[in-house]
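Colleague: I am new to this structure, and I would like to know where the words used for it come from. Could you walk me through them?

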Amino acid sequence: MEDAAARKAHVLNQLDTAKFSSAHVRAILVAGSGFLTDSYDNFVIGLVVPMIAVIYFGSTNYKLPLFIQDGMVKAASSIGNLFGQIGFGVLGDILGRKKMYGIELIILIVGAVGSALSASPKAGIDILGVLGFWRFILGIGVGGDYPVSAIITSEFAASKYRGTMVATVFAMQGVGQLLGALVGIVSVAAFKDAIIADHNNLDYVWRILLGFGAVPALLAVYYRLTIPETPRFALDVLEDVERSALAANNFVGAGVSVDKADTSYVHQEVSVAKKYGQAFKAYFGKWKNARTLIATSMTWFLLDIGFYGTNLNTSSVLGYIGYGDSKDPADYPFQGIWARVVGNCIVNLCGNLPGYFFTVGLIDIWGRKPIQYMGFAMLTILFAILAGTYDVLKANSQAGFVIVYSAAQFFFNFGPNTTTFIIPAECFPTQVRSSAHGISAGAGKAGAIIAALGFQWVATNAPGGLQTCLWIFAACNLGGLIFTYWVPETKGKTLEELSEEFERDTKGSLYDTSATVVVGEQGEYTAVNEEEGDKATEEVHKAPEQ
């Protein structure tokens, strides 16, 4: 009969040597469909706000009367994101990945439908308050998707192509942004005559834009609710070797033997919540581990100030430089709205989307840190160029501004926007992996909230206006470049090797088990029995060659 530790090693070995199969494709599609929806719902508000400004406030410059109104309605989903990311991250480590998966999409669907049906009562809270409430609810669902999707994809993937799988899931964010622009183009074009006849018909358009966000989620929710628990969670948190082996078998046909006659070592009745708290304190009580969490959080925080500052406000940025605006009153408001949806589409096609898929192709070749270093460096340079030449480009070359701005979007995504999502899903132990990813992502959303609330104020009231915003974005990316030094490189290493979670530490082990597995210098999984001081190797399974 196999020793428990040997079976642990065998399960891990099978997961890390599994060939890329339809099971992995299915995992990417299930997780990626949610991310497409997340991105669509997060960023479509940038197209909606100019329409609401025209319909409900009679704006002729496509802006809300007060910068705080613009900031709050755009920040509402990011505030929800922060709660969802940390909350679902922690619950993913306590209750399991499977139990949380799908719930976030149900919350998102409710928020998307509620947003589309937002109304302005005769008295009390206005349209922005009602919309902000539903955007907050939607944001909780969107935020919950970040840690759970990232961790599930990472824990099912083999180390050889783990980065490519997680990057592909995250690349659906670019598809979602593009889809938002395309739905905007189709909707505005379909209502062109109605909008020209009466601009209040824009009310149909923004509701279509927000309501459409529920459609991809509806298509994906069943598959999320039925996805199996990850073998690593069953193995490391539930301490259930049999369940882990069955999960591996069901996912990739791992061929791990399951002996139901003897399950004495298979599952221990433990308080997972208590165990989680102990593991979190033990692991992050060590400075080297806490430092890594600080690094993943700060790089994401500094990134999202610039990323959300631009992506939530691309319509505003195009408006500040006068892109597509017409001075003919007869063109109002159709021409201004049309220019903004088309401009968003151009930026997404030329910048955002290609950047994501460059990362997909190179993440497991170059590694995570080189791409993150390069991205932060290029963003610092590009935003400095935009800021330093702002007056010249605005006056003489709007096209030149859009080209450099699109290049910045390219290096956001062929750079830290993708890598800050991937690395926290890899470099922490199973017991705290979901929480650490949620904390890192939540730090990012703190940056997004600052950007959403502060962008319009700085762009409208601060000396230099938009130019000052661009200098701030350059400085934030320089800070991200510096914090990247503390981020670990995760390319080609097993999750266990990265987190050292099976490395025995008698002075304060994160795990307390007499039968454990260590990762050798060559990445091999080794079952070790330490009873009565015996450290003889029971069985060795080679990890995949890199």
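**Helices, cores and cysteines**

Modeller: Gladly! Let's start with a helix pair: the axes of α7 and helix α22 (residues 430-461) cross at roughly 135° and come within 9 Å. Axes here are lines fitted to C-alpha atoms, for helices over the stretch in contact, with angles from 0 to 180 degrees between N-to-C directions. This is a predicted model, where local features need pLDDT of at least 70 and side-chain atom pairs count only at pLDDT 80 or more, while totals for chains, interfaces and linings use all residues. Residues are numbered from 1 along each chain as its sequence is written, and side-chain values use heavy atoms, leaving out hydrogens and water.

Colleague: Why are α7 and α22 called oblique to each other?

Modeller: Angles under 35 degrees count as roughly parallel, over 145 as roughly antiparallel, 65 to 115 as roughly perpendicular and the rest as oblique. Their axes cross at roughly 135°, so α7 and α22 are oblique.

Colleague: Which residues of α7 and α22 make the contact?

Modeller: From α7 come Tyr146, Pro147, Ala150, Ile151 and Glu155, and among those from α22 are Thr430, Arg433 and His437. Contact means heavy atoms within 4.5 Å.

Colleague: What makes Cys345 count as buried?

Modeller: Buried means under 20% relative accessible area, exposed over 50%, and partly exposed in between (1.4 Å probe, protein chains only). Cys345 has 8% relative accessibility, so it is buried. Cys427 is buried too, at 5%.

Colleague: And why is Leu246 called partly exposed?

Modeller: Leu246 has 35% relative accessibility, so it counts as partly exposed. This residue is found in helix α13 (residues 241-252).

Colleague: What makes a group of residues a nonpolar core?

Modeller: It is a set of buried Ala, Val, Leu, Ile, Met, Phe, Trp, Tyr and Cys residues joined through side-chain atoms within 4.5 Å. The largest one here has 117 residues, and those with the most contacts inside it include Tyr146 and Phe383. Helix α7 (residues 127-156) gives the most to this core, with twelve residues. Apart from it lies another core of twelve residues, including Ala295 and Ile423.

Note on methods. Helices (H or I, at least four residues) and strands (E, at least two) are DSSP runs, numbered from the N terminus.
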